[in-house]
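Please look through the sequence and the structure before reading the points below.

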Amino acid sequence: MLLQCPKLLFELSKIHQTLPRTKKLHALIIRNHLSDDPFYATRILRFYAINSDLCSARNLFDETSHRSVYLWNSVIRAYAGEHQFYDALSLFAKMLRTEIRPDSFTFACVVRACAENYDPDRLRVVHGGVVVSGLGFDSVCSSALVTAYSKLSMADEASRVFYGVDEPDLVLWNAMASGYGNCGFWDKGLRLFSAMRTMGEQPDSYTMVGLISGLADPGLLGIGKGVHCFCLKSSFDCHSHVGSALVSMYSRCHCLSSAYGVFTSLSQPDCVMWSALITGLSKSGEYEKALLFFRKMNMEGNKADPILIACVLAASSQSAILGPGNEIHGYVLRRGLESEVMISSALIDMYSKCGFVNLGVMVFESMRNRNIVSYNSMILGLGIHGLASQAFKMFEEALKKGYIPDESTFSALLCTCCHAGLVKDGREIFRRMIEEFHIQARTEHYVHMVKLLGMAGELQKAYDLILSLQQPADSGIWGALLSCCDFHGNSELAEIVAQQLFENKPEKSAYKVMLSNIYAGDERWDDVKKLRDNVQEAGIKKMPGLSWIGVGRN
């Protein structure tokens, strides 16, 4: 055993230790009467956290009487890292009642926890604590605040933090550039980039990734190519994360040939590059190509990570072909990755969307570890198959086991209500989401509510709900109401709704075809002809529907 202090310090200095090794080190420290020393306690606690053993980490923390700021930071970070945000924030509140003052890293950890928990109100309170503590201009805190506000789509608050710092360092510049990119403000990102160079601050590869991330529309392809040229001139293109961002950007802009060109420009693309290309193909609707490149990647000896496997499973579910999904499931079993919660959740989703919800249930029941994501997948799978009562039972089971529902949970529940036509239950779920769980309704929630009310014939209530929104309604919400008007043949309301859609999405042919069908149902043939002539003159084409029948292995 490790009896000499230098050997012990060497073991504690390592980045990672297995759980059995951590327990042996912990026992050795106790035997040598070092467990009350915050240095040793901090190191052991971090090893427990890395191995996701929060119970042992908390016991160690509670048994340590002399607690340093580093020990507090470690235990708060441990809970935040496992997405147990309530416990992390409770520990932070407890820390504030002690003599130990939080430092910049404490606040940075808590700020990130607020963002990941989608809690803007708590974030503002913590921001106030940062300012009161005299850390408002600290680089670590400022960067964390900019990133957190950006993640919550609060770009104005993020920019106020950034511009409040007189001399931002490169990390803060990059955080703001990424923030604008994540919020979709590509123009502000470019202006920031220009100001950065004017002030003599040299951008690095992460600056470019932040800029590129904001270019998500096909109309911005020219600007994306300009940024790509700058990367080539500055030799940033040799960095895998820049290459991955470029591949993703070209995929979002529907320029898959350029995405593939960037990919092939590297002699030995790593897993990040493969992931970017496969993910880009999947998000562009090229599901078969995504699956093909996944096979090619494996044939060349590259091993996919859980994130990529989940993405490929999503591609398989979108294509609604069970065969590729089964192949990937076999790959997961051969790699011993079935215990990965992200992968198991994606498998549940894939089997459900391919029409085999019973196989999804089997995957769920075989999971040793579950989280709210796996419950969300199971609730949605049951819901889209019309098994509303089972979906509701699954939700109650998640609550009993202490899992905190998120936006996706309620989106799945509302989708369940739509498939089953449960208006009363849908209203109650929507109310609980806002009042009981304090989750702000998003576009997908309003889409489900409008569709639920509209399909039940309550078109006026659905319309009033849209008008009550504080922000202008997304086209998806108006589109849901238009489809309900089409179902019920309400041409009067359909014209009002369609006008909103034509202003927001003039290039979308589906809405005009839908209104045309409503006119046809009312035998308003002159209006049908005018609308269809308008579609032809604008050169808009409707994507034809496709269907297929699988025979044998084909």
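The radius of gyration is taken over C-alpha atoms, and the rule for a globule is 2.2 Å times the number of residues to the power 0.38. For a compact globule of 554 residues, the radius of gyration would be near 24 Å, and the protein, with 27 Å, agrees with that. The model is predicted. It contains 32 helices and zero strands.

**Overall form**

- The C-alpha trace of the protein spans about 90 × 60 × 55 Å along its principal axes.
- Buried residues make up 46% of the 554 residues of the protein.
- Among contacts between residues at least 6 apart in sequence, 60% join residues at least 24 apart.
- The protein exposes about 28600 Å², and carbon and sulfur atoms supply 54% of that area.

**Charge and salt bridges**

- The protein carries 55 positive and 57 negative side chains. The centres of the two sets lie 6 Å apart.
- Side chains of opposite charge can pair when their charged atoms come close.
- A salt bridge here needs a side-chain nitrogen of Lys or Arg within 4 Å of a carboxyl oxygen of Asp or Glu. By this rule the count comes to 16 salt bridges.

**Arg 124 and Asp 121: a pair inside one helix**

- Arg 124 and Asp 121 form a salt bridge through their side chains, with an N to O distance of 3.5 Å.
- Both residues belong to helix α8 (residues 120-132), where they are three residues apart and so separated by about one helical turn.
- Arg 124 is partly exposed, at a relative accessible area of 39%, whereas Asp 121 is exposed, at 55%.

**Arg 370 and Glu 397: a loop joined to a helix**

- The closest N and O atoms of Arg 370 and Glu 397 are 3.7 Å apart, and the two residues form a salt bridge.
- Arg 370 lies in the loop between α22 (357-366) and α23 (372-384), while Glu 397 lies in helix α24 (residues 388-400), so the pair ties together parts that are 27 residues apart in sequence.
- Glu 397 counts as partly exposed, with a relative accessibility of 27%.

- A salt bridge joins the side chains of Glu 495 and Arg 524, at 2.7 Å from N to O.
- Elsewhere, salt bridges that share partners join Asp 121, Arg 124, Glu 157 and Arg 160 into one network.
- Which residues does Glu 495 touch, not counting residues up to four places away in sequence? They are Leu 515, Tyr 519 and Arg 524.
- Glu 495 and Gly 136 are 359 residues apart in sequence, and their C-alpha atoms are 52 Å apart in space.

**Positive phi outside glycine**

- Ser 153 is not a glycine, yet its phi is positive, at about 60°. Ser 153 sits in the loop between α9 (139-151) and α10 (155-163).
- Ser 153 is exposed, with a relative accessible area of 58%.
- Ser 235, also a residue other than glycine, has a positive phi near 65°. The loop between α14 (221-233) and α15 (240-252) holds Ser 235.
- Ser 235 is partly exposed, with a relative accessible area of 43%.

- Ser 35 is found in the loop between α2 (19-31) and α3 (38-50).
- Is Ser 35 buried or partly exposed? Ser 35 counts as partly exposed because its relative accessibility is 26%, and buried means under 20%.
- Leaving aside neighbours within four places in sequence, Ser 35 is in contact with Ile 29, Ile 30, Ala 41 and Thr 64.
- Ser 35 and Leu 145 are 110 residues apart in sequence and 35 Å apart in space, C-alpha to C-alpha.

Note on methods. Residues are numbered from 1 along each chain as its sequence is written. This is a predicted model: local features need pLDDT of at least 70, side-chain atom pairs count only at pLDDT 80 or more; totals for chains, interfaces and linings use all residues. Side-chain values use heavy atoms; hydrogens and water are left out. Helices (H or I, at least four residues) and strands (E, at least two) are DSSP runs, numbered from the N terminus. Buried means under 20% relative accessible area, exposed over 50%, partly exposed in between (1.4 Å probe, protein chains only). Contact means heavy atoms within 4.5 Å. Accessible areas come from the Shrake-Rupley method with a 1.4 Å probe; for residues, only the protein chains shown count as cover. Lys and Arg count as positive and Asp and Glu as negative; His and the chain ends are not counted. The place of a charge is taken as NZ of Lys, CZ of Arg, CG of Asp or CD of Glu.
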